[in-house]
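Open the model in your viewer and keep the selection panel at hand.

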Amino acid sequence: MVDISTSLLGVRLRNPTVLASGILGVTASSLKRVAEAGAGAVTMKSIGPERREGHPTPVVVEVTSGLLNAVGLSCPSPDESLEELRKAVKEIKAPVIASFYGRTVKEFGEVAERISEAKPAFIEANISCPNMESEYGKPFGTDPEVTGKITEKVKNKTRIPLIVKLTPNVLDIASIAKAAESAGADIISAINSYGPGMAINIETAKPILSNKFGGMSGSAIKPLAVRCVYEIYEAVNIPIIGVGGIQTGRDAVEMMMAGATAVGVGTAVMNRDLKVFSEICGELEGFMEEWGYSKIDELRGKAHD
Ligand SMILES: Cc1cc2nc3c(=O)[nH]c(=O)nc-3n(C[C@H](O)[C@H](O)[C@H](O)COP(=O)(O)O)c2cc1C
């Protein structure tokens, strides 16, 4: 029997799969279904400082080997989200991660303080949405100094362990990860969607997404995500949740060999439904048995040896 359980800062995950933020994560009941389907941990959709409508539809379009999305960080009011988060923490056996964002550094601190009241296992700062305006006019996570400022602000407001979720849309992701670690981040999550990209309906000669541009996710971005995780692993000493294009157990193995302790699964849930979590775990066990690994942690960083 192989052991696929792992731990993130002492919090046990029965397997390394984590529901990525933004997919089925608005309500406690949908998060519970995902956990019951086999996810090792679940992430709630990013909670913001106020209710936000997001962009008009269409907000998602399928492209070759992936999706483009420009949901626009839609979210219920903080009170409603907090209520759902409390329920999720109470009712779900797997660790619950509360993702959040702000429009300013100060707001990141304020939202972190509020959601910490619900006592999730981790909070995750989404400093990386490609469709989000910020006080700096570009995604926060594209600048090491701003990344450090947000991390520090949040760490001063809460004792819940902090995951900082990075954008791949930078020249040197390792320097951003290092800035987050130096400012006190406990875990790095990488990556958020890539781009933005664009798709045009050639019959109507119009952009398909109402926002014109959207972040790219799914299989097409997996090599980019694996490279980002590989570079981050060489730069920091804190655990990494590897996210981006994971569809199968073999994809999960690849991400862990790059350096991830756990793996986020997003678009694959839309492509393969909730059974994707148990399928990834079964495939992972099969790979480990075939290649003589007994504990999942033996895979971590293997490609660096
Ligand atoms: C429809 C959709 C909505 C998303 N919403 C969020 C979000 O609210 N917060 C966040 O941090 N990431 C969000 N993401 C990004 C995912 O969590 C993940 O980082 C990205 O999709 C790459 O992983 P994947 O290829 O497995 O989907 C969203 C992705 C999609 C496809």
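Start with the buried residues of α7, which pack against α6 (222-235), β15 (240-243), β16 (262-265) and α9 (276-291). Bear in mind that this is a predicted model.

Now select α7 itself, residues 249-258. How many of its ten residues are buried? Nine are, so the helix is mostly covered. Colour them: Gly249, Asp251, Ala252, Val253, Glu254, Met255, Met256, Met257 and Ala258.

Next, show α6 together with α7. The axes of the two helices lie 8 Å apart, at an angle of about 25°. An angle under 35 degrees counts as roughly parallel, which means α6 is roughly parallel to α7. Display the side chains of the contact. From α6, pick Lys222, Val226, Val229, Tyr230 and Tyr233. From α7, pick Asp251, Glu254, Met255 and Ala258. By class, this contact of α6 with α7 has six nonpolar residues, three charged ones and no polar ones.

Finally, select the ligand and its surroundings. Which residues are closest to the ligand? They are Ala20, Gly22, Ser217, Gly266 and Thr267, out of 27 that surround it. Then highlight β4 (41-47), β6 (66-69) and α8 (267-272): these elements each give two or more residues to the shell. Colour the shell around the ligand by class to see 14 polar, eleven nonpolar and two charged residues.

Methods
Residues are numbered from 1 along each chain as its sequence is written. This is a predicted model: local features need pLDDT of at least 70, side-chain atom pairs count only at pLDDT 80 or more; totals for chains, interfaces and linings use all residues. A residue is near a molecule or strand if its C-beta atom, placed from the backbone, lies within 6 Å of it. Helices (H or I, at least four residues) and strands (E, at least two) are DSSP runs, numbered from the N terminus. Ala, Val, Leu, Ile, Met, Phe, Trp, Tyr, Cys and Pro count as nonpolar, Asp, Glu, Lys and Arg as charged, and the others, Gly among them, as polar. A residue is buried if 20 or more other C-beta atoms lie within 10 Å of its own, exposed if 12 or fewer, and partly exposed in between; C-beta atoms are placed from the backbone. Two residues are in contact if their C-beta atoms, placed from the backbone, lie within 7 Å. Axes are lines fitted to C-alpha atoms, for helices over the stretch in contact, and angles run from 0 to 180 degrees between N-to-C directions. Angles under 35 degrees count as roughly parallel, over 145 as roughly antiparallel, 65 to 115 as roughly perpendicular and the rest as oblique.
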